[in-house]
Amino acid sequence: MSDTAPEITISARKLTRRFGNQKIIHDVSLTLRRGEVLGLLGHNGAGKSTTMQMLTGCLLPDSGDIEVCGIDLLRQPILAKMHLGYLPETPPLYRELRVDDYLTFAARLRGIKNGKVAAALAQAKQRCGLEAIGGKIIATLSKGYQQRVGIAQAIVHNPEVIVLDEPTVGLDPAQIRDIRSLIRELGDSSSVILSTHLLGEVESLCDRVEIMQKGRLIYGDTTAALANYGGEPGRLEENFIRITERETAANAATSAGDGK
């Protein structure tokens, strides 16, 4: 990682997205700074996954701009994606493959040269706690270990930006603890965007939070500021509910006024 690398690793400006005639993402703008863990927080259906798909180049916005480490993602997608690692909510695994074979495939897709693949695999497996299971078929692994394999494919090329969509969904408490520890470690060396609807996830992992509701960003600040929002210190969950309910009430009042 160069000392001259941009301080802002992701910059998204006024992203919109429609499905059919319905606009589901409304003028979303956000930034991710080097070495930061950003929590994208919201209820199910808030637009988090769609936003992350746009930030990683998996889904084109209808309008707006995205830069990854200073590179225009829409104009230079291959170059920009070299700096990105992405774990969707459903890990993109070939479950009939052995762990090592799958990660080798992922490394080659990422353009890692043959002579450097073994070292890249060793590093990713070490970071994700997979050293002992490289020869196992992915389908035989627990969901927690399959999630680790999904994270390993996202970081095998040592990206500067890691995007994780609901990385602990469906895991048991011990698996959640392990994955959260891994994410903390990743945040020491990379910028991370983490989407979740779990307040405990934000509190334990994130430096900063953006709250989405119905395809809009309605709040953005540090995690500490959210925890102390409105003079109610340490009440992260209550403050999240207050913010989202306030926004719902404001939208209802606006709709009522428009209907007069």
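**Rings, cores and a pocket**

Modeller: Please keep in mind that this is a predicted model, and let us begin with Y94, Y102 and F105, which form one aromatic cluster.

Biologist: How many aromatic pairs does the rule give, and what makes Y94 and F105 an edge-to-face pair?

Modeller: The count comes to three aromatic pairs. For Y94 and F105, the ring centres are 5.7 Å apart, which is within the 6.5 Å that a pair requires, and the planes stand at 80°, which is over the 60 degrees set for this class, so the pair is edge-to-face.

Biologist: What makes the rings of Y219 and Y229 a pair, and of which kind?

Modeller: Their centres lie 5.7 Å apart, within the 6.5 Å limit, and their planes are at 90°, over the 60 degrees needed, so this pair is edge-to-face. Because Y219 sits in strand β10 and Y229 in the loop between α8 and α9, the pair ties together parts that are 10 residues apart in sequence.

Biologist: How do you know whether Y219 is buried or exposed?

Modeller: Its relative accessible area is 12%, and since buried means under 20%, Y219 is buried.

Biologist: Which residues touch the most other members of the largest nonpolar core?

Modeller: Of its 47 residues, these are L41, V149, I151, I155, I211 and L226. Leaving aside neighbours within four places in sequence, L226 is in contact with residues including L41, I211, Y219 and F240. Another core, of 26 residues, lies apart from the largest one, with L30, L40, V161 and M212 among its members.

Biologist: What lines the largest pocket?

Modeller: The largest pocket holds about 720 Å³ of space, and of its 27 lining residues, K81, M82, L84, R110 and H157 are the closest to its centre. Helix α3 gives the largest share of the lining, four residues, and by class the lining has 15 nonpolar, nine polar and three charged residues.

Note on methods. Residues numbered from 1 in each chain as written. Predicted model: local features only at pLDDT ≥ 70, side-chain atom pairs only at ≥ 80, totals over all residues. Heavy atoms only, no water. 1 Å grid on protein atoms, 1.4 Å probe; cavity = no way out; pocket = protein on both sides within 12 Å on 5 of 7 lines; lining within 4 Å. Points joined across faces, edges and corners; volume = space filled by probe spheres on them. Helix = DSSP H or I, 4+ residues; strand = E, 2+ residues; numbered from the N terminus. Nonpolar A, V, L, I, M, F, W, Y, C, P; charged D, E, K, R; others polar. Core = buried A, V, L, I, M, F, W, Y, C linked by side-chain atoms within 4.5 Å. Buried < 20%, exposed > 50% of the residue type's maximum accessible area, 1.4 Å probe, protein only. Contact = heavy atoms within 4.5 Å. Phe/Tyr/Trp six-rings, centres within 6.5 Å; stacked < 30°, edge-to-face > 60°.
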